[in-house]
Amino acid sequence: MKMRLKSVLCASAVGVVALAAGQASANSELLKMQKDPNQWAMQLGNYSGQRYSELNQINKDNVKNLKVAWSFSTGVLRGHEGGPLVIGDMMFVHAPFPNTVFAIDLANGNRIAWKYEPKQDAGVIPVMCCDTVNRGLAYADGMVFLSQADTTLVALDAKTGKLVWTAKNGDPTKGETSTAAPLVIKDKVYVGISGGEFGVRGHVTAYDTKTGKQAWRGYSMGPDSDILVDPEKTTHLGKPVGKDSGTNTWQGDQWKIGGGTTWGWYTYDPELNLIYYGSGNPSTWNPVQRPGDNRWSMTIFARDADTGMAKWVYQMTPHDEWDYDGINEMILADLDVKGKPTKALVHFDRNGFGYTMDRTNGALLVAEKYDPAVNWATHVDMATGRPQVVDKYSTHKQGEDVNTKGVCPAALGSKDQQPSAYSPKSKLFYVPTNHVCMDYEPFKVAYAAGQPYVGATLSMYPAPGGTHLGNFIAWDASEGKIKWSVPEQFSVWSGALATAGDVVFYGTLEGYLKAVDASSGKELFRFKTPSGIIGNVNTYMHGGKQYVAVLSGVGGWAGIGMAAGLQEDTAGLGAVGAYKQLSNYTQLGGVLTVFSLD
Amino acid sequence: MSFRILFRHAAVAGFAAAALFVGMFPASGQSAQQTASTPPSDKPYTVEDGNKVDPKTYNGYRRYHSICHTCHGPDGLGSSFAPSLVDSLKRISSDQFEGIVAGGVQGNNGGNIRVMPAFASDPNVMDHILDIYSYLKARSDGALGRGRPERLVAAKTN
């Protein structure tokens, strides 16, 4: 292990100091790497999930001169989420199913150093709810970690691509699949599970990075021993959760097929030793069929990274009636919240509320709408943490076989998984958003293992009065206010990047990479890449030059409506003809495009 | 997963226990399961005033947009990874349609692997297969436009 590590790092032009020591643990190695702006060592840039880079060679004055330096086809046509990692001289690029991994040698003309292509049963393809996306790789300790579509977690030798170990995290015949990127902390690699539309019971699982042996698994619902809570010590808004909190808000055994999957992002605070993530929708989408709060679906979890024990939880959307998965990223930042210095957690939920919490104890500090169109709840009650649901938009109150109209946001949320960025320089969060509403009609469904368990039909359309389906916004999480908002023709489905050059980057569904001024949102640069962008923008330094990289490859949930376009709304609220078919703008194709100034 | 729940729903759906083992996980080329239902006519739907449909076709709309649309797109128009059924139903018969839905199918379109699962064990699909066909046939024939149709005999008002 040490030998391998050393050789990888010696090859690196930038050199990773930790390696020379030889004794350095993965923990201190990654802790250092995530702070080194020359590299892009984890999907969200750093453990805090800020997607911010200290690099400033490319800045708001010269970004207009950005050019394509090189590009690379993954050979896969499905939706490309996530982005490449850069570790020293090596770039690691992943693809959706079949989950090919490429190691590209940046020091040798971008030659492919190795390629890994797992053999997976193609039967997993249609069990994935919304295309065969994969949100990327993790790196640690001389190994690259991939969570395959069929839930096999693999560790590859970063130098050779050889398989080190595999672990089976789930069972696709029951609808369990994998789309999330793993995260490594110390000697463990953490991975979640997808399948909320198949009645899967969600969990986050930690595996030993050296052996692949399971260390702990924390379910989203079920008995206390399954969900890893201490009834007395684990808190919800400051109060102990009490006994059986993962079963006593479910009817009968429904928690066993309760959803709450964990397909989003994980972040980590090394000082508190807490890992943060959110759980998804309760299964089925028909709320009438599953009375109760359905804890702990739709919940922010703060768990001890070593033991998995939950320190605190917060359920954002009790008894979901709209498919507002709570899986979006939890960004950790030290902010002045209403004048008080705070170790904050900031989260832009699918339900349309931007939450600011105290990440040490789970106290709720701010909960405000980050899209003015949000109408399903008037506000969040700050004492109970409960959203105040508007009856007219309650698909439960309206009932089974009734079409509840004009609910904002739509099921894909005011924002989906595409991660936001935070600039400690501007103190602003940069958020890619959807501006889409829906009609939702729940009805009774039966559960069959491995088969869709949905129970609602819905139609989506632009938010009232608008002619656009997305916005790219800057958000003040201390006050809970939008600072600026740039309308986009389509939903913004790409992860953002903020830099010390006062530039913010994001991609669009038409395929543009855009750069905007961090303080005003003014567009400074755009380039049309080969396909629509649902990947996340990264930056790194190699050979003294700053690069910006992004995966194109339209698909994912955004690709479902691509061929047809969204329809006009039935409630007569949206602008007629606002949605133009995305297929008129872009076609399939997985391509990495890398930019530099010259 | 609870076998009790699974079994109860399976029983409600009127499936023999053996059927549970058919298509639990998609296998290509699985032959169609014959249903006991009467064969659909060439025009199984009723559409009036452009968007008012019989209850069975309405149910087909609803079931389609619960399950099938996640790949085949809104209104049967296809997506970035699955074909338009508005087109497909111009070419295939109702028997072929049922066979593909029950047994699944795999294909390769210019390097893009396409896999449709077998729904033989899914009561939410198979119990409504004729209704789903009826809806899609109405779309394919051009008898019904995009969006949510109205029920001709509505149990509840929308």
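Start in chain B of this predicted model and select helix α6, whose buried residues pack against strand β1 (47–48) and helices α2, α3 (85–88), α4 (94–103) and α5 (123–126) of chain B.

**Chain B: helix α6**

Helix α6 of chain B covers residues 129–140, twelve in number. From its first C-alpha to its last it reaches 16 Å, close to the 16 Å expected at 1.5 Å a residue. Colour the helix by accessibility: twelve of its twelve residues are buried. Among them are B:I129, B:L130, B:I132 and B:L136, together with B:D131, B:K137 and B:R139. Step past the end of α6(B) to B:G142, where phi is positive, near 80°.

**Chain B: helix α2**

Next select residues 55–72 of chain B, helix α2. How far apart are the end C-alpha atoms of this helix of 18 residues? They are only 22 Å apart, short of the 26 Å that a straight helix would reach at 1.5 Å a residue. Centre the view on B:S66 to find a kink of about 55° in α2(B). Of the 18 residues in α2(B), 15 are buried, so the helix is largely enclosed by the rest of the structure. Move on to B:G73, which follows α2(B) and has a positive phi near 80°.

**Chain B: a three-stranded sheet**

Now show β1, β2 and β5 of chain B, which form an open sheet in that order, with mixed pairing. The edge strands are β1 and β5 (150–151), each pairing on one side only. Strand β2 (residues 52–53) pairs with β5(B) in the parallel sense over two bridges. To see the pairing at residue level, select B:K52, which stands opposite B:E150 in β5(B).

**Chain A: a four-stranded sheet**

Switch to chain A and display strands β11, β12, β13 and β14, an open sheet in the order β11-β12-β13-β14 with antiparallel pairing. Its edges are β11 (183–185) and β14 (214–219), each of which pairs on one side only. On average, neighbouring strands of this sheet are turned by 20° against each other, direction ignored. Within the sheet, β12 (residues 188–191) and β13 (residues 203–208) pair in the antiparallel sense over four bridges. Select A:K188 and look across to β13(A): its bridge partner is A:D208.

**Chain A: His80**

Go to A:H80, in the loop between β2 (67–73) and β3 (85–87) of chain A. Is A:H80 buried or exposed? Its relative accessibility is 1%; because the cut-off for buried is under 20%, A:H80 counts as buried. The side chain of A:H80 reaches the backbone oxygen of A:R78 at 2.6 Å. Leaving aside residues up to four places away in sequence, A:H80 touches several others, including A:T74, A:P96, A:I534, A:L551 and A:G590.

**Chain A: Trp250 and its surroundings**

Select A:W250, located in the loop between β16 (239–240) and β17 (267–269) of chain A. This tryptophan is buried, with a relative accessible area of 7%. Which backbone oxygen lies 2.7 Å from a polar atom of the A:W250 side chain? That oxygen belongs to A:R295. Draw a distance between the C-alpha atoms of A:W250 and A:G292: they are separated by 5.6 Å, although the two residues are 42 apart along the chain. Beyond four places in sequence, the residues that A:W250 touches include A:M221, A:W255, A:P282, A:S283 and A:R290.

From A:S283, step to A:T284: a cis peptide bond joins these two, with omega about -5°. A:T284 lies in the loop between β18 (274–278) and β19 (299–304) of chain A.

Return to the loop between β16 and β17 of chain A for A:D244. Its phi is near 55°, a positive value in a residue other than glycine. At 39% relative accessibility, A:D244 counts as partly exposed.

**Chain A: two last stops**

Select A:R51, in the loop between α3 (26–33) and β1 (52–53) of chain A. Phi here is near 50°, again positive in a residue other than glycine. A:R51 is buried, with a relative accessible area of 0%.

Finish at A:P409, in the loop between β27 (404–407) and β28 (421–423) of chain A. The peptide bond from A:C408 to A:P409 is cis, with omega near 0°.

Definitions and conventions. Residues numbered from 1 in each chain as written. Chains lettered and ligands numbered in written order. Predicted model: local features only at pLDDT ≥ 70, side-chain atom pairs only at ≥ 80, totals over all residues. Heavy atoms only, no water. Pairing = 2+ DSSP bridges. Axes fitted to C-alpha atoms, helices over the stretch in contact; angles between N-to-C directions. Buried < 20%, exposed > 50% of the residue type's maximum accessible area, 1.4 Å probe, protein only. Polar contact = N/O pair within 3.5 Å; in protein donor to acceptor, adjacent residues only side chain to side chain. Contact = heavy atoms within 4.5 Å. Expected span 1.5 Å × (residues − 1). Bend = angle between axes of the 7 residues up to and from the residue.
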